[in-house]
Amino acid sequence: MSANPGIPSSGTPEVNEPTTPVPPLPRKPDQATAEPYSPTGCPMHISPDVNAQQGEYLTTAQGGRLRDTDHSLKAGERGPLLMQDHHFREKITHFDHERIPERVVHARGAAAHGVFKANGAASSICRAGVFAEGKETPVFTRFSTVLGNRGSADTVRDTRGFAVKFYTDEGTWDLVGNNIPVFFIQDGIKFPDVIHAAKPHPDRDIPQAQSAHDTFWDFVTLHTEATHHTIWNMSDRGIPRSYRMMEGFGVNTFRMINDKGETSLVKFHWKPKLGVHSQVWEEAQITGGVDPDFHRRDLADAIESGAFPEWDLGLQVFPDNKEQMFEGIDLLDPTKIVPEELAPVQIVGTMTLNKNVSNFHEETEQVAFHPGHLPPGIDVTADPLLQGRLFSYLDTQISRLGGPNFAQLPINRPHAPVNDMFREGMHQQGQHIGVAPYQPNSLDGGNPFPAEPSNGALIDVPVPVEGEITRSAPASFDDHYSQARLFYVSLSPIEQKHVADAYTFELGKCYEKAIKERAVHVLSNVDHDLASTVAKGLGVPAPEKKDLPEPTPSPALSQVGKTWPIDGRQIGILVTDDLPEDQVADVASLSKAIEDAGMVPLVTSTSGGTIGEPEEATGVAVSRTYVTVRSIEFDAAVVVETPEQPEVSILLSEMIRHGKAVALVGDATAQVPDRMGDAPGVVTVNAAADALDVLTPMLKGHRTWAANPA
Ligand code: HEM
């Protein structure tokens, strides 16, 4: 663990401008790039650095060395520019075209490289090599928000994308999921509608990255199949603490085929080793202003520190029967889950993200996922949402990435041989040979040959289809409320309170009373108390009580009440510059103990530099000052000695209100705001060295919810 992630480059700069030519610096140790594969999927046994910038000198794009890039070529020092200044034109032209269109949805994201290691448990139901016991497959994983622009804040209330590209030997597999297991709509044709409703209003282009506005609530209250996804968004799942602490779901049901040709229906789950944790709403809002990059920073810092995030991949497996139903739940309806208590999640492998990207644009921005990128052994189902997705991603990527050859961008290159007979198109990088890109042919010796399942061909499962052409949905898609209710009744009281607060906030931001009343009416089909609380908060009539089913709660849906590893958590140690020497030594050993426990100590003082004498062993580096820090950075804090300044009391009152653990050393109690010292998350210890033992159990539960008066 490094206590100080965020180092900008692999070199240590000097105060004076460098003048001696040196080769480009290597990438930082925490970074990787797309592995060197050719545009047609051939491993290239070259260092990834071959593709990075070369040479000691500044050049044109054609490799000509340049003497000066600070002055354009002019007719006299005070004269106009000359058209012949190729360097000027080349430089500015390239700059003018640096931006590519952002994604229409999921525009804001962060990604990392890693590896997936299978445990073999899926081999009996899936023939894909990626699931063979012990098999390691490189992955690239991108997390995202859905609604906001590229520059929007990370911590808005929204669904998060969770897209994993597996570079398998049998072709690329993209598992393009979300952190919420259901979707707003049951049919892909509604996607433009839900997104148009959720995006900023078309006249004023506000609000950014929010669902708290009239058009969103207008749509989801008129289109009630959205109720289940919406209540997940209104729960703590809509404001994750970290990408590292999110579950992921493939949402749609897929079909698996084993070596014997037997098929099963499956749903994919990612289970974070650190548990599923969230921010609280006030914290998320503060973070949006104080550190809009909170989630991408957290992911990159954790990887740079060596606290590699891990998720288990799990499957819920269902018999592939004609009805494609399980325990009365339609597996083709993407607004439904199957509770884990009915179909346990079976772990089939583990993903570890262990390298940051080297270049955001080339990797995170240019990566292109597609739910139809599947290895032999996984096939699609007729879920009408999935069917719509199968068209949409490729279509949008052609315009986002400037033509049909984006699969040849380094981050998208398969790690399997590509022989696709596709030719030409903008930005073609394959160096194709032969004269016969058609099939069958004899001029190129018949190459490429069709494969059989026995030599690795993709399998189209011969699922029978029947029925009349129709624009309608099956009756099994009509139940829009029972699972929203199941979700709500499965939450702990504090989580239910957060849901009520979120609805009240979001609908309170709507202008139209009719939409608020309609939303309360919809909620009365989920839970009477919830609907009544929201109605009261909004000042609209309370709903009539309805007879609602009493589902058996699914404990797996709640985030509260379990314990989790504390790896990578950030612990603030609050001190002053003039701390006595003995306390400096205490802080040094606490810092070390926190690091040894796999967490990140953030010593916070009045000014930067070190506390204590730096030349002595006790000198402790200051990570934050009270001017640069805010409570959102800390999962817990140890208060040793603080100056009397407003930032300190704001910081402590926020931490306590947000249910975070705070250890007060000795008489530091005096620094806690009025009436907060008795909160259950606040404890007193005799010496800094004792703090960790007391904080650890609280950190394992993530928050001391009882301490949260909100
Ligand atoms: C189960 C429901 C869905 C899930 C889990 C889902 C997930 C995702 C994720 C994770 C991304 C971001 C990929 C990245 O990181 O680059 C994405 C992008 C996108 N999704 Fe979906 N999505 C769903 C439904 C749909 C539907 C129904 C459509 C359209 C019919 C759609 C169209 C798109 C488009 C156009 C993009 C942008 C792709 C790009 O520019 O590369 N999605 N989706």
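**Annotated residues, cores and a central strand**

With 22 C-beta neighbours inside 10 Å, H106 counts as buried; the term applies if 20 or more other C-beta atoms lie within 10 Å of a residue's own, while 12 or fewer make it exposed and values in between partly exposed, with C-beta atoms placed from the backbone. This is a predicted model, in which local features need pLDDT of at least 70 and side-chain atom pairs count only at pLDDT 80 or more, whereas totals for chains, interfaces and linings use all residues. Residues are numbered from 1 along each chain as its sequence is written.

H106 sits in the loop between α1 (86–96) and β2 (109–118); helices (H or I, at least four residues) and strands (E, at least two) are DSSP runs numbered from the N terminus. Not counting residues up to four places away in sequence, H106 touches S144, V146 and G161, where contact means C-beta atoms, placed from the backbone, within 7 Å.

The UniProt annotation "active site", from an unreviewed entry, covers H106 and N178. The two span 73 residues in sequence, yet no two of their C-alpha atoms are more than 10.4 Å apart, so they gather at one spot. UniProt positions follow the numbering used here, feature names are shortened, and annotations may be inferred rather than shown by experiment. N178 belongs to strand β5 (residues 171–178) and counts as buried, with 25 C-beta neighbours inside 10 Å. Leaving aside neighbours within four places in sequence, its contacts are T159, R160, G161, F162, F249 and V251.

Next come the nonpolar cores. A core is a set of buried Ala, Val, Leu, Ile, Met, Phe, Trp, Tyr and Cys residues joined through C-beta atoms within 7 Å. The largest has 112 residues, of which V499, L523 and V534 touch the most other members. This core draws at least three residues from each of domain 1 (109–412) and domain 2 (478–557), with bounds from an automatic or database domain assignment. Apart from it lies another core, of 43 residues, among them I566, A636, L664 and L692.

Strand β14 (residues 570–574) has 5 of its 5 residues buried, so it is largely enclosed by the rest of the structure. Q570, G572 and L574 cover one side, and I571 and I573 the other. β14 pairs in the parallel sense with strand β15 (residues 600–605) over 5 bridges; pairing requires that DSSP finds at least two bridges between the strands. In β15, V603 is the bridge partner of I573. β14 also pairs in the parallel sense with strand β19 (residues 636–639), over 4 bridges, and there I571 stands opposite A636.

Note on methods: Contact = placed C-beta atoms within 7 Å.
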